[in-house]
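Hi,

Here is the model I promised to pass on.

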Amino acid sequence: MSSHHSTGFGASKFELGSRSRRAALLAATALSVFTGSGALAADDSANEALLKKLDKMERRIAALEAELKEKESRPPAGVDAKSSSRPASIRSVNATASPTDAKEATEAKGSKGKPEAQSAEAPAKPMLNLPPLPAAGDKPILGLVDSPVPGLSIGAYGEIKFGSAQNPAANGQWQKGFDAQRFVLLPTYAITPNIIFNAEIEFEHAGSGFDNDDKLHGTAEIEQLWIDFKIIDQFNWRAPGIDLVPFGYINQHHEPTQFYSVNRPELYLGLIPSTWKVPSSSVYGTITEDLKYQVMVATSNEDFGDSFDNRTTAKTVPLPGTAYAAGIDGLNGLAFSRPPLGDFQQLNNAVAVAGRLDFTPTFLQGFAGSVSAYYSPNTTPRGAHDDLGNFLGHSSLSMFDAEFRYRVPQTGLELRGEYVRADFSHPENLRANNDSDPTNNVGKSMYGYSGEIAYHVQLGTVLNSEWEAVPFYRYTYQNLQTGGFAGTDANMPTGAGQRQYHTAGFALFPSPKIALKATYQHVIDKSINSAMSDSFLGGVGFFF
């Protein structure tokens, strides 16, 4: 247990260096000795021996004092266990506090990690802006028990969803359902104050595999796995591992307390392939108080959306004559193009680059935003071909995102907005335009934008917690089938990729770590039958 942080003999609680304390201690010791050995008091040699012992004791106390001062001056050797699954100072290195937390951040001089809950003292001049080791009351293991190892914390987040939705495959019939969509464990360990290990282990849809007896149909996966080397505030290195592409806000901050709808915002359901995790390495840091950055090199996304069984041992797509699913298409965007994470199964040698700038201008309190970019020189996998057996050439992918979040000071009003765009250098080489299916064709570009308004209503204290309700409305438009089709397919837009989303509802926060949600969504697209995919959903999300 970490009780030594609250009860240890630290100089801050027991100042051995005080001359008055030292004198009192010596006097008490002398009195004890004289009381127990009255005969020695009359003997000069005995008195001399006693004085020598007292002098030796005083030197020992001085040595202990110096040792304690040295220990107190060292920087903390741990992490904040109550920070989010992506702590602002450790896990999400470029995390910008959302407007939801702006008021708390201002009052606590911190971010969504709620540093006001910490009880351990940091040194006056820390080497880096690292959080202190969790004190006994911080409950770093799932918010329940103290960590048995200094520097170790385990957080979690998850989502439960239920309700009714239209099924386009059943001619828009309303169908009820339930989904334990995800449960994520978040181990973090400070190996040293400057070397930090972090991981995310995610279980989806109530199980780690397919089990007919237990009615499981889920997965288990490593969503993040990396080690940070904290060098200086302006420049740090994240060693090769699995990490989130620094693109957009929700991709890096996708915990259910960070957005108000039951499902993630629509732009992150395909146009941005959230959760967009890739094999990568990056550098990051703080440029100024208002500006942070991250630059990443990563394995490229691939225009291949089929199973591992359809990859050959030569690491190519199936040989001509065998069809395969596209990774980029006009119905799902980039959702199936993410690169493989293991076993050297990548289908091309391209290296992508990505970067993001986060800004929180001090002159505009409550405002935060970011701009992001991504570029891959080639998304075409080895051996890519059309259904006629013709091989496909390369096609690059360029993406851009800009977003903002603004909590108007002294009010409950919050505004959010975002714009994202993807461009392809040679859409005629994309598999979706050459798979004999004209309904999923891809044009020269894809784009989308959204605007959201929300209002925070304080409900007072209930069950010893401050409750808050946040009604909201969000409008989203995206076009995944712009003009410029080319390839062997019939180049006729279907309108299915041009969608509008009207999403309204509310999120109830019994605590900043829990969200109870209800959302109604109306979907419109340009296809003949429209989307027929409206929904009314409820959800429970947590994040600690």
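**What I found**

Of the chain's 544 residues, 48% are buried, where buried means under 20% relative accessible area, exposed over 50% and partly exposed in between, with a 1.4 Å probe and protein chains only. Please keep in mind that this is a predicted model, in which local features need pLDDT of at least 70 and side-chain atom pairs count only at pLDDT 80 or more, while totals for chains, interfaces and linings use all residues. Residues are numbered from 1 along each chain as its sequence is written, and side-chain values use heavy atoms, with hydrogens and water left out.

The secondary structure amounts to five helices and 19 strands; these are DSSP runs numbered from the N terminus, with helices being H or I of at least four residues and strands E of at least two. Of the contacts with a separation of 6 or more, 65% join residues 24 or more positions apart, a contact being heavy atoms within 4.5 Å.

Now for the interior. A nonpolar core here is a set of buried Ala, Val, Leu, Ile, Met, Phe, Trp, Tyr and Cys residues joined through side-chain atoms within 4.5 Å. The largest one has 29 residues, and those touching the most other members are Val245, Phe247, Trp276, Tyr374, Met399, Phe424 and Met446. Two or more residues each come from strands E9 (291-299), E10 (351-359), E12 (397-407) and E13 (413-424), with E13 giving the largest share, three residues. A second, separate core of seven residues includes Tyr260, Ala454, Val470 and Phe472.

A cavity is a set of points, on a 1 Å grid over the protein atoms alone, where a 1.4 Å probe fits but cannot get out, and lining residues have an atom within 4 Å of a point. Points are joined across faces, edges and corners, and a volume is the space filled by probe spheres set on them. The largest cavity holds about 180 Å³. Its lining has 16 residues, with Ile250, Pro265, Arg416, Glu418 and Ser450 nearest the centre. E12, E13 and strand E14 (445-455) each supply at least two residues of that lining.

Gln478, in strand E16 (residues 465-479), has a relative accessible area of 7% and is buried; among its contacts beyond four places in sequence are Glu266, Tyr447, Gln498 and Tyr501. Gly412 sits in the loop between E12 and E13 and is buried at 6%. Beyond four places in sequence, Gly412 contacts Arg407, Ala454, Tyr455 and His456, and its C-alpha atom is 8.6 Å from that of Gln458, 46 residues away along the chain.

Finally, some backbone details. Most residues other than glycine have a negative phi, and most peptide bonds are trans. The bond from Ser274 to Thr275 is cis, with omega near 0°, and Thr275 lies in the loop between strands E7 (235-244) and E8 (277-288). Asp343, in the loop between E9 and E10, has a positive phi of about 65° and is exposed at 65% relative accessibility. Met532, in the loop between strands E18 (514-525) and E19 (535-543), has a positive phi of about 50° and is partly exposed at 23%.

Best wishes

Key. 1 Å grid on protein atoms, 1.4 Å probe; cavity = no way out; pocket = protein on both sides within 12 Å on 5 of 7 lines; lining within 4 Å.
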